[in-house]
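Thanks for coming. I have one structure to go through today, and I will define the terms as I use them. Here it is.

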Amino acid sequence: MTVVDKCAECGAGLGAHDVGDGASVFLIFFLGITMVPAALALDHFVHPPGWVQGLLWPAVALGLVGLLMPAVKAYIILLEFRHRRGSRGDR
Ligand SMILES: [Zn+2]
């Protein structure tokens, strides 16, 4: 997943923005806070066998990461672009 150098619509320089591990850390915290209670609640109320939990939650986690990572990365770039405008030679 790479960031394009320039926005196709307005030509804003996006290639200089380095998100680093920011999006991953945000998703680790968010998914940990939401998925651990969900797994505990499912276990408490439904009592599924362990192999169901073992297959379900990694699949859910991978699906959510694939779904949310581009949006979180774009949001961090948006925040960088907004608050550091001009400091990296864009615009
Ligand atoms: Zn643009």
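Start with how two helices pack: α1 and helix α2 (residues 50-83) meet at an angle of about 150 degrees, with their axes 9 Å apart. Helices here are DSSP runs of H or I, at least four residues long, numbered from the N terminus. Axes are lines fitted to C-alpha atoms over the stretch in contact, and angles run from 0 to 180 degrees between N-to-C directions. On the α1 side the contact includes F26, L31, M35 and A39, and on the α2 side W57, L64 and L68 are among the residues. Contact means that C-beta atoms, placed from the backbone, lie within 7 Å.

A word on the source. This is a predicted model, where local features need pLDDT of at least 70 and side-chain atom pairs count only at pLDDT 80 or more, while totals for chains, interfaces and linings use all residues. Residues are numbered from 1 along each chain as its sequence is written.

Leaving aside neighbours within four places in sequence, W57 touches M35 and A39. The C-alpha atoms of W57 and A39 are 7.5 Å apart, although 18 residues separate the two along the chain.

Last, just after α1, H47 has a positive phi of about 55 degrees.

Methods. Two residues are in contact if their C-beta atoms, placed from the backbone, lie within 7 Å.
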